[in-house]
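Subject: Handover of a structure model

Dear colleague,

Please find the structure below, together with an account of what was found in it. I would be grateful if you could read the two side by side.

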Amino acid sequence: MARMALVGLGGMGNMHLGIYNKLDGAEVVAVFDIDPEKLKLGQSKQEINLGTGGGVLDPKKTKVYTDFDKMLADPGIDAVDICTPTPVHKDCAVKALNAGKHVICEKPMGRTPADAMAMVEAAEKTGRTLMIAQCIRFWPDYVHLKQTLDSGRLGRLISLEMWRFSGPPRWGWQNWFLKGDMSGGALLDFHVHDVDFVVSLFGKPESVSSQGVKGPSSEIDAVVTQYNYGLDKIVTTTGNWCLGGGFHMAYLAVFEKGHIRYDSRFSPALVEVTQDGEKTPEILPGDGYLHEITYFIECINKGQAPARCMPRSSAMSIQVADAERRSALSGRPEKV
Ligand SMILES: NC(=O)c1ccc[n+]([C@@H]2O[C@H](COP(=O)([O-])OP(=O)(O)OC[C@H]3O[C@@H](n4cnc5c(N)ncnc54)[C@H](O)[C@@H]3O)[C@@H](O)[C@H]2O)c1
């Protein structure tokens, strides 16, 4: 049984709590939040834009900490789950790893590439497990795309286009999402999901060409990027949180022998088209949040590295996002 400490009980912390409530292999034994209101057990009601629901804290099992360092000194905690605003990720993760705890931390890994690398180095130095909660790597509709690509079942990939749109996130603690110096705007906070998925499929691109527009966060809140992975495939992403409201994510992957399209607005959302016609692929039930946390808990309970989402790979996503920002500002392709 993994004994978890949850840090940050806002939108994502509340949702992670709901997942731990369902898992057999983990329980939340401690909580910490900078805001005392959030520490009233069972009171966390904040939800993110997907309306995925939240959880319930059991006051008999859960210790409430008002000091992060004191919590880390508790030997009854195996792992720390970090759901704070992004600029806090690095300090929380490095301290927790140095205290001998395993860490799962929400995306984006860090506010800067240097923050992300400091987290990688702390994990490698301490030998503790660090996994970034890159839920799209675990989202069944996207896992289907990766499995199809890796199997070669539909031949060579010709092109992959990915889209992610929402309204500006307004639920955050002290409105931190719309303070671009904290969140990094849509480019880092939101679009990083697709950046990371591209990195998980193809690794580091030679260079990126981006166009970006500043929006309500005063950082880049609408971005389109083309990734240079050589001449034999096209890879593009679009991320934008300037929509009036709502949320959707989508992709279109064109292979030699068919294509796969996914759009969260439609039902069925996932469709595969080949010369044999259209079909709805069979995929795992549940969303990427459930699967990523289940996987992390399995990894730490079995003492295995999180091979599907290693910290160096997540840090690469932050480096790619940084190159996209540089490209959007310079108007030129930029090396990663
Ligand atoms: N995977 C996803 O789909 C997804 C969706 C939304 C947000 N996120 C990420 O999750 C993280 C948290 O986002 P959120 O929506 O929960 O934000 P939020 O503002 O709703 O919650 C943040 C919580 O952290 C607390 N906090 C602030 N500073 C703190 C500190 N120094 N120490 C401890 N607690 C502190 C706040 O009081 C609040 O309860 C961010 O990195 C965000 O980018 C991921």
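The ligand lies between domain 1 (2-133) and domain 2 (136-290 + 317-335), because both domains give residues to the shell around it. The domain bounds come from an automatic or database domain assignment. Please note that this is a predicted model, in which local features need pLDDT of at least 70 and side-chain atom pairs count only at pLDDT 80 or more, while totals for chains, interfaces and linings use all residues. Residues are numbered from 1 along each chain as its sequence is written.

**The ligand shell**

The ligand is surrounded by 28 residues, of which the closest are G8, G10, G11, M12 and E106. By class, the shell holds 14 nonpolar, 8 polar and 6 charged residues. In this scheme Ala, Val, Leu, Ile, Met, Phe, Trp, Tyr, Cys and Pro count as nonpolar, Asp, Glu, Lys and Arg as charged, and the others, Gly among them, as polar. Helix α1 gives the most to the shell, with 3 residues. Helices (H or I, at least four residues) and strands (E, at least two) are DSSP runs, numbered from the N terminus.

**The two domains**

The centres of domain 1 and domain 2, taken over C-alpha atoms, are separated by 26 Å. Their contact takes 20 residues from domain 1 and 20 residues from domain 2; two residues are in contact if their C-beta atoms, placed from the backbone, lie within 7 Å. On the side of domain 1 that touches domain 2, α1 and α4 (113-126) each supply at least two residues. The largest share of that side, 3 residues, comes from α1. Its residues divide into 10 nonpolar, 7 polar and 3 charged.

**Helix packing**

For the angles below, axes are lines fitted to C-alpha atoms, for helices over the stretch in contact, and angles run from 0 to 180 degrees between N-to-C directions. Angles under 35 degrees count as roughly parallel, over 145 as roughly antiparallel, 65 to 115 as roughly perpendicular and the rest as oblique.

- The axes of α1 (residues 11-22) and α9 (residues 288-302) come within 10 Å and cross at roughly 65 degrees; the two helices are therefore roughly perpendicular to each other. M15, H16 and I19 of α1 meet Y289, L290 and I293 of α9, a contact with 5 nonpolar, 1 polar and no charged residues.
- Helix α3 (residues 89-98) packs against α4 at an angle of about 5 degrees, with the axes 9 Å apart, which means that α3 is roughly parallel to α4. This contact has 7 nonpolar, 3 polar and 2 charged residues.
- Helix α4 and helix α10 (residues 311-330) pack at about 170 degrees, with their axes 9 Å apart, so α4 is roughly antiparallel to α10. Here the classes are 9 nonpolar, 2 polar and 2 charged residues.

**Backbone details**

Most residues other than glycine have a negative phi, and most peptide bonds are trans. K107 and P108 are joined by a cis peptide bond with omega about -15 degrees, and P108 sits in the loop between β5 (102-106) and α4. A cis bond also runs from S267 to P268, with omega near 0 degrees; P268 is in the loop between β12 (258-263) and β13 (270-274). Q174, although not a glycine, has a positive phi of about 50 degrees, and its place is in the loop between β7 (157-166) and α6 (180-183).

Yours sincerely

Definitions and conventions
A residue is near a molecule or strand if its C-beta atom, placed from the backbone, lies within 6 Å of it.
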